[in-house]
Amino acid sequence: MSRFNKSKRLFIPYEKALCLFLCCFFFWSCENDIYEKGENTLAIGDFNRAASYFSSVLDEEPLFMKARYGLALSYFGLAEEMEWRGENALPFWQKAYDEFRILERAKAINGYEKMYSTCLFYWARATLYVHPEASVLPVLDRSIALDSSNYFSFNLKGLSLQSVGQDSLAQQVFVYIIAKNPDFIAAYSNLGNLYWDRGDYENAWDIWSMGLQKDPNNSYLKTWTDRAQDSLTIKLLMESL
């Protein structure tokens, strides 16, 4: 009888452990199945459903960082779709931004930095659209730190600096963009605008002409290059009188 009791005491913990293992395995299998569904729906652009799947995974396991990255990308996709429809996408850019910040703090996975940088640019742009007086420079600096080739963030930084009267710093940013990425046409437009606003028509013409050589069909650069040329011609005529 005593041996039977000892044996019984040995088997009860084993049965509990087996039951616990099977339960964990079941939940792990379900979790991975839901995560896989999230990946599949994300891949085909079904962002609402993907966000739902990734959220379900995170409800069970908040430290599953691949699911969190998937959720960030789902919100990113939803925000892009809203912008294409002309809707205010800031709430979803904020959701994506929040998920990326958690990924950054967790330091558990790599390879998300460029998308995070892009998200910060879109967040900053959407914020300025809704709140034109908002200060987004710290966010743009973080975007640039994450991806030094994100010239969209550099360009928006230059415009933001110009909007608060920091023309010299803005000029440095636009010149830097052109030096690093000569095919980034917006920098030519913006630097030329900065010179034009100062009354420096010669440098405005030079920069717009450079941009026009890169993009001969750009109607904005065509218009303003011609206008700068006319202004310079008038200036020379006035000086010759």
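Predicted model: local features only at pLDDT ≥ 70, side-chain atom pairs only at ≥ 80, totals over all residues.
The protein chain contains 11 helices and zero strands. Followed along the sequence, its elements give the pattern α-α-α-α-α-α-α-α-α-α-α. Of the 241 residues in the protein chain, 39% are buried. Among contacts with a separation of 6 or more, 46% are between residues 24 or more positions apart.

Two packed helices are described by the angle between their axes and the distance between the axes. Helix α3, residues 65-84, packs with helix α4, residues 90-106, at an angle of about 155 degrees, and their axes are 8 Å apart. An angle over 145 degrees counts as roughly antiparallel, and α3 and α4 are therefore roughly antiparallel to each other. Their crossing is left-handed. Sorted by class, the contact of α3 with α4 comprises 17 nonpolar and five charged residues, with no polar ones.

The crossing of α3 and α5 is left-handed. On the α3 side, the contact is made by Y69, L73, F76, E80 and E83, and on the α5 side by M115, T118, C119, Y122, R125 and A126. By class, this contact of α3 with α5 has seven nonpolar, one polar and three charged residues.

The discussion now turns to the nonpolar cores. The largest nonpolar core has 41 residues, of which W93, F100 and W123 touch the most other members. Two or more residues of this core come from each of α1 (2-43), α2 (47-60), α3, α4, α5 (113-130) and α6 (137-146). The largest share, 10 residues, is supplied by α3. What does F100 touch, leaving aside its neighbours within four places in sequence? F100 is in contact with Y69, A72, L73, Y112, M115, Y116 and C119. Of these contacts of F100, Y69, L73, M115 and C119 also take part in the contact between α3 and α5.

Q162 is placed in helix α7, residues 151-163. Not counting residues up to four places away in sequence, Q162 touches D167, A170, F174, L194 and D197. For L194, which is 32 residues from Q162 along the chain, the separation of the C-alpha atoms is 8.0 Å.

S231 belongs to helix α11, residues 219-240. Is S231 buried or exposed? Its relative accessibility is 18%, and a residue under 20% is classed as buried; S231 therefore counts as buried. With its neighbours within four places in sequence left aside, S231 is in contact with W196 and Y201.

Methods: Residues numbered from 1 in each chain as written. Heavy atoms only, no water. Axes fitted to C-alpha atoms, helices over the stretch in contact; angles between N-to-C directions. Helix = DSSP H or I, 4+ residues; strand = E, 2+ residues; numbered from the N terminus. Parallel < 35°, antiparallel > 145°, perpendicular 65-115°, else oblique. Left-handed = near helix turned anticlockwise from the far one by under 90°. Nonpolar A, V, L, I, M, F, W, Y, C, P; charged D, E, K, R; others polar. Core = buried A, V, L, I, M, F, W, Y, C linked by side-chain atoms within 4.5 Å. Buried < 20%, exposed > 50% of the residue type's maximum accessible area, 1.4 Å probe, protein only. Contact = heavy atoms within 4.5 Å.
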